[in-house]
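Here's a quick tour of a protein model, written for someone who likes to see the cut-offs. Have a look at the fold, then read on.

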Amino acid sequence: MRGGARRMPDKPWLFRTYAGHSSPVESNKLYKSNLAKGQTGLSVAFDLPTQTGYDPDHVLSRGEVGKVGVPVSHLGDMRTLFDGIPLEQMNTSMTINATAAWLLSLYVAQAEEQGANRASLQGTTQNDIIKEYLSRGTYVFPPAPSLRLIRDVILFTTKEMPKWNPMNVCSYHLQEAGATPVQELAYALATAIAVLDEVKATNPSEEAFAQTVQRISFFVNAGMKFITEIAKMRAFVDLWDEITRDRYGVTDAKSRRFRYGVQVNSLGLTEQQPENNVYRILIQTLAVTLSKDARARAVQLPAWNEALGLPRPWDQQWSLRAQQILAYETDILDYEDIFTGSKVMDAKVEQLKEEARAELARIDDMGGAISAVQAGYMKGRLVESNARRLAAIESGERIVVGVNKFQSTEPSPLSTGSGSIQVVPEHVGEEAIERLRAWKAQRDEAAVEKALADLASAAREDRNIVEPSIVAAKAGVTTGEWGATLREIFGEYRAPTGVGRAAREASDGGEIAKVRAAVEAASVTLGRRLKLLVGKPGLDGHSNGAEQIAVRARDCGFEVVYEGIRLTPAEIVNAALEEGVHVVGLSILSGSHLPLVRDVMERMRRNGLDDVPVIVGGIIPPEDERELKAMGVAAVYTPKNFDLTAIMADIVKIAEGAGEKAA
C-alpha cells in the first residue's frame, strides 16, 4: 500500500478433500495421509447405506457398501475411522443429511471417548434434507419430520456445541441437478427460510436466534461461467444479509454474515479429454476465492478424473496442491475486494438478486419450500433447466471443449493403463457385514433395547432426539437400527420425480422428429407403443441422468415407466413384467453397477424376460463395460454419450432387434 505499512495477508480458507471409501480402516489411512500433505480440515464422504439409514446387511445395501464413501454402522466403525486423529483439534465436515443427527451423535460419542469436551468440537453437518428431495436423493422421511430433524440438530448444537455449524444449506447439488444461478440462489435461500421459520417457532430468545443464524452456513457450487459465478456469490451475501435483517430482525451484522464452503462443479467434469478438467477446476476455484467480500471459508475440490471413477490418493493430492498454490504462491489474499466499484459486476449482481427475489416470492406464495417440494414445483423446474442445458450441449450452442468441439486428441498418459482409478472391491460389503455381526455379538442387548425405546419416545413426543441418539451410540445401536426406529414413527417418502411436470421444448429439432418417426414405425411393427422402463436400482439417488433419459424418451414418443429412485432389483424386474416393457434401462452412478446389474439380469432370466434387452448408464470404466456386455447387456452409456437423441435412436434399434429375435 502507498504511504504505509503493507497490509497483512488474510488467512487462507480451510483446505479439504472430500474423502472416504471401502472401510473405516482404509479411510483412516487416507485421512492421515491427506492431513500430512497439508490438508487443514477433514471432509467425510459416507457410503449410501450410511446416508440412508441402513446397515450393510440390508437388501438395498447390496453392492453399495463402501462405494461412494465410508460405511459407518456403529461406534466401533467411528472409532476406527478417527483412530489416532484427535477430534478436539479437527475441523470436520460431514456430508450427511437424513441421518445427520445419528452421525453427529456417533461423532460426539467418539470425541467424548477420546476425552474431548463436546463444546470444543468444530465442524459441520450438512443436514440439508430438503435439497435431497430435489437432487441426490438420500432423503428417508417425509418433509415435515425431516425439517424437525434439522431443527433438533440446530437447537442441540447451538446449546451444547457452540463452535459447530449444524447445517450447510446446500445449493451445490442443486446446480448438479441443473439449477440456473437464479434457481440456486432462490431454492437455497427458500430452504434456509423454512429452517429458520421452524426454529423461530420454538420461541428462542433474540440472542439465541441470532446465534442460530450465525452458525448456519452454506455449501455452494461454482461452475464455468466465471463472472456469473462471482456475481452469484456476491448476490448470496447481499440477499442473506437482507433476509436475516428484514425478515428475522437480526440486528448484529456479524450474525448476518454469509458463511460458506464450496466444492466446485463436478457436473462439468468430462470423461472425454479428462486432463482438461484440471483447468476447469482451477477456474471454478477462482470464482469463489477472488472476491474477498464473498470468499469461501472452506474449499474442497473434485479430482480431475471423477468422471472416470473413484479418484486415487494421488489425484486428490493434485487437487489439494491447486488450492495451496493459489493461496500461498499468488497474492489474492493480500488485497481488499478487487470487484468493489465495478459497474459490470454490480449490474450482474443486481440482476441476479432481482430475479432471485421474484422466484422466492413465488415459493413463498405456495406456502414455502416444503410446500413447493411436495407439489413438485422446484423439482420440475430443475428437470426443465437441466434439459435445456443438455440440449444446448447437443446442439453446439454451449461449447464443452473435447466433448462437442475440439474432439481430436492425443491419448492421455494420465488415464490409461491399470490402476488409473481407485477400485473398491466387491468383498468390502461382505467384510462390513462380518464386522456388523461381530459388533452385535459383543454388545449389551438390554442397553440397546432401552436406548432404542428412549429414542422412539423422544421421536413420538417431539423431544430433541440428539441426546437420546448419543446415548444410543454409546450403547452400541447401529445405523440401521436407528433408521428403522424412526421409519416406524415418521414413515418413508417418495419424492416427485419432476419428469411429468417438465415442459417440452418448443422446438423439437430435426433429429428428434426422425427418432419419433422411428418410434412410430417400431410401435406398428411390435403391435403396441414402444415402452421403456427407466430404473434406478440400489441406493444411488443421483437421478439427473435417469430423469433426462425419461424426458427425452417421452418427447421421442416412447411410453415411459419411471418410478424414481431406490428400487430393489426385484422391484425393477416385477415392474418390467407387469408393464410389459420392450427395453429396460438401468442408471447407476454409485459404482455398484456390476453386482446390481448382475442381480437384475439373473432375475429377468428366471422370470422369462430373456428377450427383453437391458441397457446401462453410469460412470463405468472400460473394463466394467466389457464385463457388463459379457453378462448380456445390450449397450452401455457413460458421461461421454451426451447426445440423448442418439441414445434414443439406439434404443429403437435395440428394441426392434429384440422383437425380430422373439418373432
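Helices (H or I, at least four residues) and strands (E, at least two) are DSSP runs, numbered from the N terminus. This is a predicted model, where local features need pLDDT of at least 70 and side-chain atom pairs count only at pLDDT 80 or more, while totals for chains, interfaces and linings use all residues. Residues are numbered from 1 along each chain as its sequence is written, and side-chain values use heavy atoms, with hydrogens and water left out.

Most residues other than glycine have a negative phi. Ser22 has a positive phi of about 65 degrees although it is not a glycine, and it is found in the loop between strand 2 (18-19) and helix 1 (24-36). Asp462 has a positive phi of about 60 degrees, again without being a glycine; its loop runs between helix 16 (445-460) and helix 17 (466-475). For accessibility, buried means under 20% relative accessible area, exposed over 50%, and partly exposed in between (1.4 Å probe, protein chains only). By that scale Ser22 counts as buried at 6%, whereas Asp462 counts as partly exposed at 43%.

Now for the rings. Rings of Phe, Tyr and Trp (its six-membered ring) pair if their centres lie within 6.5 Å; planes under 30 degrees apart count as stacked, over 60 as edge-to-face and the rest as tilted. The structure holds 19 aromatic pairs. Here are two of them:

| Pair | Centre to centre | Angle between planes | Geometry |
|---|---|---|---|
| Phe15 and Tyr328 | 5.8 Å | 90 degrees | edge-to-face |
| Trp102 and Trp482 | 6.0 Å | 25 degrees | stacked |

Phe15 lies in strand 1 (residues 14-16) and Tyr328 in helix 11 (residues 313-329), so this pair ties together parts that are 313 residues apart in sequence. Phe15 is buried at 1% relative accessibility, but Tyr328 is exposed at 55%. Trp102 lies in helix 4 (residues 100-113) and Trp482 in helix 18 (residues 479-490), so that pair bridges parts 380 residues apart in sequence. Trp102 is buried, with a relative accessible area of 0%, and Trp482 also counts as buried at 0%. Elsewhere, ring pairs link Phe218, Phe236, Trp240, Phe258 and Tyr260 into a cluster.

What about the nonpolar core? Such a core is a set of buried Ala, Val, Leu, Ile, Met, Phe, Trp, Tyr and Cys residues joined through side-chain atoms within 4.5 Å. The largest one has 163 residues, and Phe82 and Phe558 touch the most other members. Helix 7 (residues 181-200) gives the most to this core, with 13 residues. A second, separate core of 26 residues includes Val584, Met601, Val612 and Val636.

In helix 21 (residues 569-579), Pro569, Ile572, Val573, Ala575 and Ala576 are buried. They cover an arc of only 155 degrees around the axis (taken from the directions from the helix axis to the C-beta atoms), which puts them on the same side of helix 21. With contact meaning heavy atoms within 4.5 Å, what covers these buried residues includes strand 11 (531-535), strand 13 (583-588) and helix 22 (593-606). Just after helix 21, Gly580 takes a positive phi of about 60 degrees. As for helix 5 (residues 143-160), 14 of its 18 residues are buried, so it is largely enclosed by the rest of the structure.
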